[in-house]
Amino acid sequence: MEGIKYVDVGQGPVALFVHGVGTSSYLWRNVIAEFRDERRCVAIDLPAHGGSAPRDDLSIPALAEAVAELCDGLGLTDVDLVGNDTGGAVAQVFAVRHRDRLRTLTLTNCDVHTNTPPESFKPTVELAARGELAELTAALLDQPELIAGTAYGEGYERIDDPAALVEAYLRPIFARPDGGRAFERVLTSIDAKDMIAIEPQLTVLTVPTLVVWGTGDVFFDVSWARWLRDTIPGVREIVEIEGGRLFFPDERARELVPHLRRFWARQP
């Protein structure tokens, strides 16, 4: 797990949290604050995010293997895995490859099947492909108030402290040499073919699975939550967070936590 950074707090059964593109383990801080007295909470910084170094391969399957490396390095088994955004895609790949490591799987608004990346995010990916996104994003370091006009502004219902998000999500990326280019490579490595390829394995995935979906997300419509329910036999239920956007696990953590607690308690 060389070059992988993570948060690791608390004791007890392991909950492992995976963020998506452009965020970091910071996304899960409010969820972890609720669980740290009852569980061991581990939140990875995916390669090229947070404190984790970039890698040559930044595809979704490669990111899933970085999660596996972390599990190996920390000796994590019987994990309750929770993913959001690209991290939900990573969690799906991890689940079909490492079923034996999981106790449960929870997917919040995330890339699913052909909606990878989602249509409304493709202009951002195209900027990355042209090598123009890094410079535009770096401008937010000195003008964090502009973040509301980016995909972050679509992902949050409201951003009360734009500077905090810039410092947590973007500053670490651009603090590394060529970090901006690595960030662009992550975006251009997101490919629906990787998710389409695992559909056959998802159709036989019996890991107890919870789907919690914000209904106000412009990137990941609730129809994709139903696709997961209809595809993965392990899905126990869908919970809808009314009006929740992509990053509801951060700003509406107290609505997510009771569902996680209840779901985890029901499993043997």
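# Reading a predicted chain, feature by feature

Guide: Start at D78, which sits in the loop between helix 2 and strand 4. Helices (H or I, at least four residues) and strands (E, at least two) are DSSP runs, numbered from the N terminus. The model is predicted, so local features need pLDDT of at least 70 and side-chain atom pairs count only at pLDDT 80 or more, while totals for chains, interfaces and linings use all residues. Residues are numbered from 1 along each chain as its sequence is written, and side-chain values use heavy atoms, without hydrogens and water.

Visitor: What is the mean pLDDT of the chain?

Guide: pLDDT is the predictor's confidence in each residue, from 0 to 100. Where it is low, the predicted coordinates should not be read in detail. Here the chain mean is 97, and 100% of residues reach 70 or more.

Visitor: Which phi does D78 have, positive or negative?

Guide: Most residues other than glycine have a negative phi, and most peptide bonds are trans. D78 has a positive phi of about 50°, though it is not a glycine. A48 also has a positive phi, about 75°, and is not a glycine. A48 lies in the loop between strand 3 and helix 2. As for the peptide bonds, T116 and P117 are joined by a cis one, with omega about -10°.

Visitor: Is A48 buried or exposed?

Guide: Buried means under 20% relative accessible area, exposed over 50%, partly exposed in between (1.4 Å probe, protein chains only). A48 has 0%, so it is buried. D78 has 48%, so D78 is partly exposed. L46, at 1%, counts as buried.

Visitor: Which residues is L46 in contact with, leaving aside its neighbours within four places in sequence?

Guide: Contact means heavy atoms within 4.5 Å. L46 touches V18, H19, S52, L63 and V67.

Visitor: At what angle do helix 4 and helix 8 pack?

Guide: Two packed helices are described by the angle between their axes and the distance between the axes. Axes are lines fitted to C-alpha atoms, for helices over the stretch in contact, and angles run from 0 to 180 degrees between N-to-C directions. Helix 4 (residues 122-129) and helix 8 (residues 179-189) pack at about 130°, with axes 8 Å apart. That makes helix 4 oblique to helix 8. Angles under 35 degrees count as roughly parallel, over 145 as roughly antiparallel, 65 to 115 as roughly perpendicular and the rest as oblique.

Visitor: Which residues in helix 4 and helix 8 meet?

Guide: T124, V125, L127, A128 and A129 in helix 4 meet E184, L187 and T188 in helix 8.
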